[in-house]
Amino acid sequence: MELRQLRYFVTVVEEKTVTAAARKLNMTQPPLTTQLKLLEKELGCPLFAREGRRLTLTDAGRHFYQRACGILGMCESAAAQMRDFHQGVAGTLRIGVVSSVQEGVFTGWLSDFGALYPEIRYQVYSGNTYQLLEQVRTSQLDLAVVRTPFSAPDLEKITLRREPLMAVGRENFLERKPEGLPLEELAQRPLILYRRWEKILEEHFEARGLKPTVRCCNDTAQATLALAAAGMGVGILPASAADRKEDPSLVARPLKDAGLTSQIVLICPSRRLLSNTAQLFWNFMEEKKREKNHQGQSGSDFCCRNREISLY
């Protein structure tokens, strides 16, 4: 089995047809088809189910795709480290970030880091926490900025910020009051939930004998915020994701339940295996955390819009 066969296979999976994959790989279709058949013969099982010109993965193909991505990711990581050693700090940082952090604090961190190291280039990938955990494990990413809750004892991590969950909505759903919103009051509103918080919120409601009305459940912080802005109901989001100064019509209130918090965490497979550029970013974030702790801000300097009090 050769690395080029893995690249061919992954490209075909992502492009969905051999014709499109051959075009992307700058090769003709017959040799690509031949390499796929040789790969299937070596593995002893079909990787694709062929429906006309379109290909779909078999169960074995889906499993092999994950393994192939991991192998190619490790190869790229090794090559990137060698380039870093040769170029000093003029390497490339491959970093993932969850949607609820990407448009807020993350851009500030990356901008500050970029000002210190102007020669470094970036490949930024978006995904949910569980997708990014797997991509870090398989070395497709050097680092990722994710949110708790998650379980990953095999990864190294730094907790960068702890922040409460917020209720966000139009004024007809939420009064402009600075104090925390009790769950008893929240249960009376139509709720828009970011899906990974659904079970956690349900458990907190059930513990108080409450039955909330969940009007919509979705997969991103942006969708939750947009639906709340459209007047569909009250969105529940981490504080930094709830801060959108461009929409003054939204009101944000912290949830009164102290257990409803989220942490922003930086993860990597192992610090000793990081490339030079990834190690620089890790050190940079550790220093930022020390500065916040020294200032007594508990890792968060967030002050929510439409309220006159700081969250910490």
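A: Because Lys199 and Glu203 stand four residues apart in helix H8 (residues 198-207), about one helical turn separates them. Helices (DSSP runs of H or I, at least four residues) and strands (runs of E, at least two) are numbered from the N terminus. The model is a predicted one, in which local features need pLDDT of at least 70 and side-chain atom pairs count only at pLDDT 80 or more, while totals for chains, interfaces and linings use all residues. Residues are numbered from 1 along each chain as its sequence is written, and side-chain values use heavy atoms, with hydrogens and water left out.

Lys199 and Glu203 are joined by a salt bridge, with their closest N and O atoms 3.7 Å apart. The term denotes a side-chain nitrogen of Lys or Arg within 4 Å of a carboxyl oxygen of Asp or Glu. Lys199 has a relative accessibility of 58% and therefore counts as exposed, whereas Glu203, at 42%, counts as partly exposed. The cut-offs are under 20% relative accessible area for buried, over 50% for exposed, and partly exposed in between (1.4 Å probe, protein chains only). Beyond this pair, Glu185, Arg189 and Arg253 belong to one network, joined by salt bridges that share partners. Over the whole structure, the search finds 13 salt bridges.

A further pair lies in helix H4 (residues 59-87), where Asp59 and Arg62 are three residues apart, about one turn of the helix. Their salt bridge brings the closest N and O atoms to 2.1 Å. Asp59 counts as exposed because its relative accessibility is 59%, and Arg62 is partly exposed with a relative accessible area of 43%.

The salt bridge between the side chains of Asp142 and Arg94, at 3.1 Å from N to O, has another setting. Asp142 sits in the loop between H6 and E5 and Arg94 in strand E3, so the pair links distant parts of the chain, 48 residues apart. Asp142 and Arg94 are both buried.

Val146 is in contact (heavy atoms within 4.5 Å) with Val98, Thr129, Leu132, Gln263, Ile264, Val265 and Ile267, leaving aside its neighbours within four places in sequence.

For the chain as a whole, the secondary structure comprises 11 helices and 11 strands. Of the 312 residues in the protein, 48% are buried. Where contacts join residues at least 6 apart in sequence, 74% of them join residues at least 24 apart. To return to the pairs examined, Lys199 and Glu203 lie within helix H8 and Asp59 and Arg62 within helix H4, whereas Asp142 and Arg94 link distant parts of the chain.
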